[in-house]
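Biologist: Please put the model on screen, and then let us go through its fold by question and answer.

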Amino acid sequence: HFVDFMQFLTDAKPVSAWSQTVGGRAREDVINEDNTTVYIAFDDGSLGTLVYVSNGDKSYSKERVEVFCDNAVGVLENFNSLRLVRDGRTNKVRGSILRQDKGHENEIRQFVEAVAAGKMFPVDFEDYVLTTRVTFAALDSQKSGESVSL
């Protein structure tokens, strides 16, 4: 879902992916997919970095999003705490405006509404395809050590 989220934030399409695992390959036929970083280039020049690790401390936030743009920084922790920094000032957003939501209820609701309306896909199908292509490209990149164009 983070690849989808990056597409949403950038309003751009991914064009390539490069990925490396922590510690490289455990064996020739096994890639350490639970501890990896994926770098994604977008068609507007944006870059996204996805760090997926399972070797950290469980007490640390599970999901963290950092966005740097337009001389500002946004840090979203576990989708329930947002810190916005611009011009040396920090604004913290918490409470009812943010709540951790894995999206399951909304996903099912949109699916039911789309079926009832006779639509196959309620959102842009190309985004789904690109997200899938990024994940496959990341796996190919882990094997080859090279960036993979989509």
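Modeller: This is a predicted model. Among contacts between residues at least 6 apart in sequence, 43% join residues at least 24 apart.

Biologist: How many helices and strands are in the protein, and in what order do the elements run?

Modeller: The protein has 3 helices and 10 strands. From the N terminus on, the order is α-β-β-β-β-β-β-β-β-β-α-α-β.

Biologist: Which strands are at the edges of the open sheet of 4 strands?

Modeller: That open sheet has the order β5-β4-β1-β10, and its pairing is antiparallel. An edge strand pairs on one side only, and this holds for β5 (47-52) and β10 (148-149). The edge strands are thus β5 and β10.

Biologist: How many bridges join strand β1 to strand β4?

Modeller: Strand β1 covers residues 14-21 and strand β4 covers residues 36-42.

Biologist: Which strands does helix α3 touch, and what angle does its direction make with that of β1?

Modeller: Helix α3 spans residues 125-144 and packs on the sheet. Its contacts there are with β1, β4 and β10. The angle with the direction of β1 is about 40°.

Biologist: And helix α1: what angle does its direction make with that of β4?

Modeller: Helix α1, residues 2-10, also packs on the sheet. It touches β1, β4 and β5. Its direction and that of β4 make an angle of about 30°.

Biologist: Is Phe 79 buried, partly exposed or exposed?

Modeller: Most residues other than glycine have a negative phi. Phe 79 has a positive phi of about 55°, and lies in the loop between β7 (72-77) and β8 (81-86). Buried would need a relative accessible area under 20%. Because the relative accessible area of Phe 79 is 23%, this residue is partly exposed.

Biologist: Is Asp 87 buried or exposed?

Modeller: Asp 87, in the loop between β8 and β9 (89-93), has a positive phi near 55°. The cut-off for exposed is over 50%. The relative accessibility of Asp 87 is 69%, so the residue counts as exposed.

Key
Residues are numbered from 1 along each chain as its sequence is written. This is a predicted model: local features need pLDDT of at least 70, side-chain atom pairs count only at pLDDT 80 or more; totals for chains, interfaces and linings use all residues. Side-chain values use heavy atoms; hydrogens and water are left out. Helices (H or I, at least four residues) and strands (E, at least two) are DSSP runs, numbered from the N terminus. Buried means under 20% relative accessible area, exposed over 50%, partly exposed in between (1.4 Å probe, protein chains only). Two strands pair if DSSP finds at least two bridges between them. Contact means heavy atoms within 4.5 Å. Axes are lines fitted to C-alpha atoms, for helices over the stretch in contact, and angles run from 0 to 180 degrees between N-to-C directions.
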